[in-house]
Amino acid sequence: MEVFLIRLLQFILAISLLVLLHEGGHFFFSKLFGVRVDKFYMFFDLGIGKWDGSIFKFKPKNSDTQYGIGWLPLGGYCKIAGMIDESFDTEQMKQPEQPWEFRTKPTWQRLLIMIGGVLVNFLLALFIYSMVLFYWGDSYIAVSDMSMGMKYNQQAKALGFQDHDVLYSYDNKTFGRFDVDVFRRITEAKTVQVLRNGKKVSINMPEDMSLLTMLQSDPPFARPFVPADIDSVMPNTIASKIGILKGDVITSLNNKPIDSWNEFTYQMNVLRDMLSTAENRKDSMAARTVTIAFKHKNEVTDTAKVTLAEDMLLGVGQTSIYTYYEPTKVEYGFFESFPAGIKYGLGVLRGYVDDLKYVFTADGAKSLGGFGAIGSLFPPVWDWMMFWRMTAFLSIILAFMNILPIPALDGGHVLFLIYEMITGRKPSENFMIKAEYVGFTILILLMIVANLNDILRWLGYM
């Protein structure tokens with residue numbers, strides 16, 4: 001429950017900040033060009049009966065704008081006078097045009113008002129990335145420095161990879177840090193070069209490699225090889241009772257060889273899946289009863305048969321890649337952080353755009369996630385660096401998604417403004433209203449599908 005609350009708080013804080021600044025971008029350009037803003041709301045104030053849907057609202061003296069917080073946390077809005085938007089206020093559009101309305105302003109001013117939110121979100125992401133690099137610097141382990149190589153799954157081995165291969169380069173371009181870009185480069189490459197027993201070996205890549213399949217596979221396509229060395233033993237646990245000591249090595253689980261924590265984690269996940277589908281106590285006991293072999297520092301191997309608790313925990317601390325490798329650390333001065341942050345942010349955007357092609361596949365549609373999936377991306381403990389990185393990532397997503405040419409999004413309005421600039425003719429108000437309804441319906445359906453996917457994953461159906 002504590003983990004859920006921490007993630008929920010981070011999610012609400014990040015989304016609130018991004019929505020506030022996004023709508024603030026529209027608000028800034030509206031005020032700059034003398035356009036009246038009727039309402040500026042965090043979240044939607046969808047009315048219910050006689051209640052107008054506002055949790056909080058106020059209107060400063062001598063101001064045309066009502067500020068408030070709505071009850072429906074699906075975003076926010078800046079209601080601009082003389083504009084057809086998600087408020088569907090058609091009555092205002094029937095009135096004579098006024099000089100302080102959006103519809104009476106030059107096209108270029110209306111265009112800046114519409115892209116104001118996207119512009120703020122994009123610049124905010126680059127600024128956050130820059131400040132993260134300035135304050136925390138950058139720390140990573142290059143894949144080419146991982147001398148024990150990778151642990152590969154069957155898909156990778158079918159292509160020619162072998163456990164302990166060190167990923168060296170793709171199409172003669174060196175790999176960097178180990179992240180999703182490593183898998184992206186592999187799917188795009190014609191050949192991947194690995195170091196195998198100190199010798200460079202080239203592996204030809206097929207043209208139909210799918211990043212989505214690679215990321216969804218279990219066990220993963222490739223993970224840094226981490227030996228199954230015991231880092232610590234918790235007191236009064238099964239591990240301590242059967243004599244496992246710090247420095248011991250797990251060698252098998254249920255007579256299946258264990259050569260790494262990668263393999264141990266996979267085998268334990270298989271048992272957890274068995275436990276989750278157990279229909280009676282006998283099935284539950286079968287999943288929880290395991291035979292484990294472990295080797296001591298003196299090379300003596302012990303074997304024990306134990307029954308794990310419902311949490312399926314043995315009671316040992318695992319080593320990590322940081323146990324075996326010294327990370328590369330890069331520090332940035334204040335002015336150095338900006339070009340580095342911009343480069344990093346543009347790389348994130350480029351990767352996100354490249355991956356959108358998978359959305360239009362059956363597996364891609366299933367991978368769509370709603371609020372639950374987004375919230376799960378935040379760390380289970382409060383980590384300010386990870387929080388700001390995730391906020392920047394969501395800011396880039398929000399900017400890109402809003403600029404898509406879909407009616408009801410900023411990009412839809414921009415599309416119609418560009419049409420007007422080219423042809424010199426405005427789309428009719430009737431057309432704009434219908435387009436807004438179509439776009440709003442599309443967005444609601446996408447939101448339903450994404451959040452339904454979250455529910456189905458939670459129930460174990462996906």
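Trainee: In strand 8, which residue is the bridge partner of tyrosine 170?

Mentor: Good place to start, with the reminder that this is a predicted model. The partner of tyrosine 170 is lysine 173, in strand 8. Strand 7 and strand 8 (residues 173–174) are antiparallel and share 2 bridges.

Trainee: What lies between strand 7 and strand 8 in their hairpin?

Mentor: The hairpin has 2 residues between the strands, and aspartate 171 takes a positive phi near 45°.

Trainee: Which other strand pairs with strand 7?

Mentor: That is strand 9 (residues 191–196), antiparallel to strand 7 over 4 bridges.

Trainee: How many of the residues of strand 7 are buried?

Mentor: Buried here means under 20% relative accessible area. Of the 5 residues of strand 7 (residues 166–170), 4 are buried, so the strand is largely enclosed by the rest of the structure.

Trainee: How do strand 2 and strand 3 run, parallel or antiparallel?

Mentor: They run antiparallel, and 4 bridges join strand 2 to strand 3 (residues 66–70).

Trainee: How should I read the packing of helix 1 against helix 14? At what angle do their axes cross?

Mentor: In general, two packed helices are described by the angle between their axes and the distance between the axes. For helix 1 and helix 14 (residues 384–402), the axes come within 10 Å and cross at roughly 45°. The two helices are therefore oblique to each other. Helix 1 passes helix 14 in a right-handed crossing.

Trainee: Which residues make the contact?

Mentor: Helix 1 contributes Gln10, Leu13, Ala14, Ile15, Leu17, Leu18 and His22. On the side of helix 14, you will find Phe387, Trp388, Thr391, Leu394, Ser395, Leu398 and Asn402. Sorted by class, the contact of helix 1 with helix 14 has 9 nonpolar, 5 polar and no charged residues.

Trainee: One more region, please. Which strands does strand 13 pair with?

Mentor: Strand 13 (residues 249–253) pairs with strand 15 (residues 289–295) in the antiparallel sense over 4 bridges, and valine 249 stands opposite lysine 295. Strand 13 also pairs with strand 14 (residues 256–257), again in the antiparallel sense, over 2 bridges. There, leucine 253 has lysine 256 as its bridge partner. The hairpin of strand 13 and strand 14 has 2 residues between the strands, and asparagine 254 in the turn has a positive phi of about 55°.

Trainee: How many bridges join strand 15 to strand 16?

Mentor: There are 7 bridges between strand 15 and strand 16 (residues 301–307), which run antiparallel. Valine 290 stands opposite valine 306 in strand 16. These strands form a hairpin with 5 residues between them, and glutamate 299 in the turn has a positive phi of about 75°.

Methods:
Residues numbered from 1 in each chain as written. Predicted model: local features only at pLDDT ≥ 70, side-chain atom pairs only at ≥ 80, totals over all residues. Heavy atoms only, no water. Pairing = 2+ DSSP bridges. Buried < 20%, exposed > 50% of the residue type's maximum accessible area, 1.4 Å probe, protein only. Axes fitted to C-alpha atoms, helices over the stretch in contact; angles between N-to-C directions. Parallel < 35°, antiparallel > 145°, perpendicular 65-115°, else oblique. Left-handed = near helix turned anticlockwise from the far one by under 90°. Contact = heavy atoms within 4.5 Å. Nonpolar A, V, L, I, M, F, W, Y, C, P; charged D, E, K, R; others polar.
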